[in-house]
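The sequence and structure are shown first.

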Amino acid sequence: MTRAVLSIGSNLGDRLAHLQSVVEGLGDAVVAVSPVYETDPWGGVEQEPFLNAVLIAEDPARDPHAWLRRAHEMEQAAGRVRERRWGPRTLDVDLVVCYGPQGQITVDDRDLTLPHPRAHLRAFVLVPWLDVDPAAELSRPVRELLTELDGDVVRPTALALGA
């Protein structure tokens, strides 16, 4: 069994519908869905704000590379175009971390790095992750990592994703 933590975001088109497409695309594998937050863009590219959330999903048949393939399939289905790094997008699905029977899985190859190499720097990942897993950990407890960040504004919304 693998358990995946997925960070999802959108700042083009029907942002909430794009996020909802991930919940629906993963179906019964979804075990937790965070509240939806609005965040300023990250990475220095001028663009509209993002809606962000975190999902936890489990699937005994998926290894980390299978989770990554599924993430890319859902991005493509939403019309994602990769023109500019950290640029606007209909849907971004990032694999933050995966767990197997022995705990957190580490991957470092040309296609995938786990845990996600920049997750500890992104409040838009850490804040919703704590909502669905208050004991979340990367290299250290996520709660600790979050206290070291400044500048990222993560605004709660009244929006919700249905499971």
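In this predicted model, a search of the whole structure finds eleven salt bridges.

| Salt bridge | N to O distance |
|---|---|
| Arginine 155 and glutamate 38 | 3.6 Å |
| Arginine 122 and aspartate 94 | 3.8 Å |
| Glutamate 144 and arginine 140 | 3.0 Å |

In the salt bridge of arginine 155 with glutamate 38, the arginine belongs to strand 9 (residues 154-156) and the glutamate to strand 3 (residues 37-39), so the pair ties together parts that are 117 residues apart in sequence. Arginine 155 is partly exposed, because its relative accessible area is 25%, and a network of salt bridges links Arg15, Glu38, Asp40 and Arg155.

In the salt bridge of arginine 122 with aspartate 94, the arginine sits in the loop between strand 8 (113-114) and helix 3 (123-132) and the aspartate in strand 5 (residues 92-100), so parts that are 28 residues apart in sequence are tied together. Both arginine 122 and aspartate 94 are buried, whereas glutamate 144 is partly exposed at a relative accessible area of 38% and arginine 140 is partly exposed at 30%.

Arginine 62 lies over the face of tryptophan 67, 5.1 Å from the ring centre.

Beyond its neighbours within four places in sequence, asparagine 52 is in contact with residues including Leu19, Pro35, Tyr37 and Phe124.

Conventions: Residues numbered from 1 in each chain as written. Predicted model: local features only at pLDDT ≥ 70, side-chain atom pairs only at ≥ 80, totals over all residues. Heavy atoms only, no water. Contact = heavy atoms within 4.5 Å. Lys NZ or Arg CZ within 6 Å of the ring centre and 35° of its normal. Salt bridge = Lys/Arg side-chain N within 4 Å of Asp/Glu carboxyl O. Helix = DSSP H or I, 4+ residues; strand = E, 2+ residues; numbered from the N terminus. Buried < 20%, exposed > 50% of the residue type's maximum accessible area, 1.4 Å probe, protein only.
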